[in-house]
Amino acid sequence: MQRIYLNDDWYFKAQFTEDLCGPEADLSGTEKVRLPHTVRETPFHYFDESVYQMVSGYRREILIKDEWRGKHLLLTFEGAAHEARVFVNGVSAAVHYCGYTAFTVDLAPYLVPGEKQVVAVRLDSRESLDQPPFGHVIDYMTYGGIYRDVYLEVKNPCYIEDIYAATPDVLRDDKTLKVDVTLNEMAPDLELSMCLDTWTETAPEDPSLLQHWDFEPEKVRFKTSCLTEEVNGAYLWSTDYPFLYVLTVTLKQAGQAVDSRQVRIGFREISFEKEGFYLNGDLLKLRGLNRHQSWPYVGYAMPKAPQQLDADMLKYELGCNMVRTSHYPQSQHFIDRCDELGLLVFTEIPGWQHIGGTRWKKIAVRNVREMVTQYRNHPSIILWGVRINESVDDDAFYHKTNQLAHELDYYRQTGGVRYLKGSHLYEDVYTFNDFIHSGHNRAVTDRDKAAPSDSPYFISEFNGHMYPTKAFDDEAHRLEQALRYCRVLDAVEGSEDIAGCTGWCMFDYNTHQDFGSGDRVCYHGVMDMFRNPKLAAAVYKSQSDAEPVLEISSSMNIGEYAASQMGDIYVFTNADSVRLYKNDLLIGEFYPDEDRFGSMPHPPVIIDDLIGDQLTEKEGLSEDAADRLKALFKEYTARGGELSPVAMARAAAFLKSRQLTFEEAAALCNKYISTWGDSAISWRFEAVKDGQVTAVRVKGPAHERMLRITADRQTLCEETGYDVATIHIEAIDENGNRLPYYQEPVCFETEGAIGLIGPAMISLQGGCAGTYVRSLGRSGSGTLTVKDLYGEAKVAFTVELKG
Ligand code: GAL
């Protein structure tokens, strides 16, 4: 039987009281809520982490059909932060000590007569809990709530408890599929049958590529059956072509089907070796980012669509082939989407720097068990993180976590994220947070100084706190963040014994008082909290060839710079070259900087000449004189509007030989570099690929401002609960360029079948913002109105109910 989602009709009370568990609760102090739910909506920033720390209560009535009696009624919570005690009809039925893994309660032993059964949850979201990640400071907020799906499965007395499908030997034609099927209990006359089908949602249109295998049924002799099948001609799963299959396992008793389960799998071979990471036998440099699972206002509580959108953004907006789910297992919706996109995942147990006592460690070991068993069928997962992020060595503890991960999954390697050089290597891969780069020094640590030279090696974090960057920081600051990414990515791409790296991090996030910029935000992202890209995002995006990328580091406004000296312009692009036009005059064609960033797939293009041939053509200077004058201008701008004594002497000699006064030279500089007095300058950048112009950006003084409002989806579909659309808002000029210092307010109003998540009035920050709308449980149309100081815009939505 299918899952019955129970995401609606919960009652929530900010303070748990025993009566919530009883047959007739007093619901006066409760609020009717839908899951995913957060115990407390928070402001965007400047709030205290105490606001979500409480012992709250949830209650829901579940109607049990008569024919379900005598069966197992498995109620699964995909995520309840952080200690959840579940009461069924007033009896304590289970307690779970991890906010980041799923757990299941069988309601059957606790049923009372009649249809109505009561499930209540005492949920403790205090950070004083003696379980990971708590015990010391943490650089992220931990929120609270039943924040993932809850569903019920009705099972016959004997059922399939677990399926573990692995695909070793995939590089041969006759691929092997190994499936361990575990039953809840043994019973007489049991048989298992399996079949495998192409997962049709990503399958190509060509029907000849659709495949199906039926395998010989096998008698069940033990609680766990290990089945090995040959699957000739199955297609491989890869980052470019993530071909997926659905494995259906049916349990029969005396010839009658008593249970059936499906898992989605992919055939691929993965291996970290000293020389890097291999996918299906080919070396692949891993390039990615770390992701937290948080959003403004609702913390962790977002349903499927925004979870999936993050994976899509990593792949398409950021050109990544990998993500690290720092610092805990994340939503199955997110990982499912990674499977579909071919986005590789490094996932890890919850924790942050601190290792607790005996009970705490026991829970951490259990977390390894839950993480591996709950996620091991995902082809996208390539590494288990079995160490508490950035913790010190603890031989006994980490031997246990490693051993357990290997026992539960013989085909995946382990890593363990540390900031320590030379720490004990219990895992298969030395996964190191390398924060050495501070702007002017080396980009990455000498890997042989950090790890045994024959170990596989991966950089799990870099940048982050070394250079916090806000979307509203000045241009030079935003550029420096981007360049730090270039330097590290280039060094990693160029190294023959670093498998790859995941930068810190995908987007800004709310954090504790000990971290961040004082407003409870860590501005470490290449995107802001709403997932609006900063300049550094373009560094990532431009490494992929999926679509033309052309992002310019500057708005071309000299007043943004000290002494009006703008310096070099960086272009993040995947083009072969960039042509720059000043109005319609070609200034020059510029090429990727192979000298400084030669290992990156697409080095940035550096524009270091805004004058071109104008000094010869318009001012009548010889080529030699023009070059010398440009060199002087370059030094002058690079030094922020002054010359060194040596350059001063050179300048004096040059001016004398040309019979130019200092004032005349300064006027040329103003005219061609500072561009004062030019009434309508427009800089046009053209990306050229294979001789064709593939993208154009125009920069010049902004004369107009408008809001660009985009919604990731305008049809909200309720299948298992409410659905959410993500709205991005950007202030742009008439050429589509973001206005980075536009900080004006916008107001939101919703009508019809949708509601707003978060406040109805916010200010743009750094020229951008966002909001979220959710479906309200009824079909129909809805409208989001966005008003600003100058007008309003409407976005139309349709809500469909499919539950
Ligand atoms: C690391 C840590 C991350 C984050 C980052 C900031 O040490 O693992 O969670 O705090 O620093 O740069």
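Helices (H or I, at least four residues) and strands (E, at least two) are DSSP runs, numbered from the N terminus. The model is predicted, so local features need pLDDT of at least 70 and side-chain atom pairs count only at pLDDT 80 or more, while totals for chains, interfaces and linings use all residues. Residues are numbered from 1 along each chain as its sequence is written, and side-chain values use heavy atoms, with hydrogens and water left out.

**Stop 1: T248**

Select T248, which belongs to strand β19 (residues 245–253). Is this residue buried or exposed? T248 is buried, because its relative accessible area is 12% and buried means under 20%, exposed over 50% and partly exposed in between (1.4 Å probe, protein chains only). Next, display Q262: the side chains of T248 and Q262 are joined by a polar contact of 2.9 Å. A polar contact is a pair of N or O atoms within 3.5 Å; within protein, one must be able to donate a hydrogen and the other to accept it, and residues adjacent in sequence count only if both atoms are side-chain atoms. Not counting residues up to four places away in sequence, T248 touches S193, M194, C195, S260, R261 and Q262. Contact here means heavy atoms within 4.5 Å.

**Stop 2: the ligand**

Move to the ligand, which is surrounded by 13 residues; D139, H327, W352, E390 and H465 are the closest. A residue is near a molecule if one of its heavy atoms lies within 4 Å of it. Which kinds of residue form the shell around the ligand? The shell divides into four nonpolar, six polar and three charged residues. In this grouping, Ala, Val, Leu, Ile, Met, Phe, Trp, Tyr, Cys and Pro count as nonpolar, Asp, Glu, Lys and Arg as charged, and the others, Gly among them, as polar.

Now examine the distances to oxygen atoms of the ligand. For D139, an N or O atom of the side chain is 2.4 Å from a ligand oxygen. W352 has a polar side-chain atom 2.7 Å from an oxygen atom of the ligand, and H465 has one at 2.6 Å from a ligand oxygen. Of the 310 Å² of accessible area that the ligand has on its own, the protein covers 94%. Accessible areas come from the Shrake-Rupley method with a 1.4 Å probe; for residues, only the protein chains shown count as cover.

**Stop 3**

Select H292, in the loop between β24 (286–290) and α1 (304–317). H292 is buried, with a relative accessible area of 5%. Its side chain makes a polar contact of 2.7 Å with the side chain of Y328.

Continue to H327, in the loop between β25 (322–325) and α2. The peptide bond from S326 to H327 is cis, with omega near -10 degrees. Another cis peptide bond joins P132 and P133, where omega is about 10 degrees. P133 is placed in the loop between β10 (116–124) and β11 (145–146).

**Stop 4**

Most residues other than glycine have a negative phi, and most peptide bonds are trans. Select Y143, also in the loop between β10 and β11: its phi is positive, near 50 degrees. D690, in the loop between β39 (683–689) and β40 (692–699), has a positive phi of about 50 degrees although it is not a glycine. Y143 counts as buried, at 2% relative accessibility, whereas D690 is exposed, with a relative accessible area of 65%.

**Stop 5: helix α3**

Select residues 358–375, which form helix α3. How far apart are its end C-alpha atoms? They are 26 Å apart, in agreement with the 26 Å that 18 residues should span at 1.5 Å a residue; the expected span is 1.5 Å times one less than the number of residues. The buried residues of α3 include W360, I363, V368 and Y375. They pack against β8 (91–96), α2 (332–341), β26 (344–348), β27 (381–385) and α4 (395–408).

**Stop 6: L425**

Finish at L425, in the loop between β28 (413–418) and β29 (429–433). L425 counts as partly exposed, at 30% relative accessibility. Leaving aside neighbours within four places in sequence, L425 is in contact with R418, Y430, P452 and S455. From L425 to E617 the distance is 65 Å, C-alpha to C-alpha, and they are 192 residues apart in sequence.
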